[in-house]
Amino acid sequence: MELMALYKELLNNIGSQEWWPASRNFSPIEWEICAGAILTQNTNWKNVEKALDNLKENRIDTPQKTLNIKTELLEQIIRPSGFYKQKAERLKILAKLIHRFKNFSEFKKNITREVLLETKGIGPETADSILLYACNRPFFVIDAYTKRIVKAFGVGIPEDYETLRKHFENSIPKDIKIYKEFHALIVEWSKKERKQSRKIINK
DNA sequence: CGCCAGGGCCATA
DNA sequence: TATGGCCATGGC
């Protein structure tokens, strides 16, 4: 199936998702997306929300404050998201990377995928999530769900990250809105699909 | 109760 | 280069 056909199918059936929600008024707003991209690594989004709520309640809502807070304290604040020791370190590393730029706007414009990937704790999916959802740059995000849906709909290509990313980027219009929406739709579709299959199994 | 989530690192072979 | 162990909490 053509990817654009799949996109339209998902959009018609599930509806627009408007990802990535960043409603907690972090400063800058996009820092919540960056932090979320780290916190969600192999973790249920509900748990990530608890950690983000804790960050806001404790007013650790900027890269600078993330750098200043003691690591042990940061660990406890983000604890609900799991893997909290490595994630606390990764948040600080990302905050430091952003801090190397004059301001977040400069980071958005000038950060490269290569530099993100050289950063400890940031792999391809986290890098592309930051690039797409925080920096508004046209990088398609591949995740476990994307690999599953590609298999389910028989696009018929290898499933390694870079191959899939290139395939998506070459098959759909270079439109940030579509990139964001398509990835979100794939995730939502997969979640529902999982729920359904579990219902059936439990019967 | 067991499975696993919007991954990535590192050690081994 | 390719597996496998590890990180950890909470939803369902």
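**Figure 1. Helices from one end of chain A to the other.** A helix here is a DSSP run of H or I with at least four residues, and a strand is a run of E with at least two, numbered from the N terminus. With that in hand, reading along the sequence of chain A gives the pattern α-α-α-α-α-α-α-α-α-α-α-α. That's twelve helices and zero strands. Keep in mind that this is a predicted model.

**Figure 2. How chain A is packed.** What radius of gyration would a compact globule with 203 residues have? It would be near 17 Å, and chain A has 17 Å, so the two agree. Along its principal axes, the C-alpha trace of chain A spans about 50 × 45 × 25 Å. Buried residues account for 31% of the 203 residues in the chain. Now look at the contacts in chain A with a separation of 6 or more: 61% of them come from residues 24 or more positions apart.

**Figure 3. The residues around DNA strand C.** Zoom in on DNA strand C and you'll find it surrounded by residues including Asn42, Thr43, Asn44, Lys46 and Asn47. Also among them are Arg79, Pro80, Gly82, Phe83, Tyr84, Lys85 and Gln86. Helix H3 (45–57) and helix H6 (84–99) are the elements that each give two or more residues to this surface.

**Figure 4. A closer look at the surface near DNA strand C.** Which element gives the most to this surface? H6 does, with three residues. Sorted by class, the surface near DNA strand C has six polar, three nonpolar and three charged residues.

Conventions
Residues numbered from 1 in each chain as written. Chains lettered and ligands numbered in written order. Predicted model: local features only at pLDDT ≥ 70, side-chain atom pairs only at ≥ 80, totals over all residues. Rg over C-alpha atoms; globule rule 2.2 N^0.38 Å. Buried ≥ 20, exposed ≤ 12 C-beta atoms within 10 Å, placed from the backbone. Contact = placed C-beta atoms within 7 Å. Near = placed C-beta within 6 Å. Nonpolar A, V, L, I, M, F, W, Y, C, P; charged D, E, K, R; others polar.
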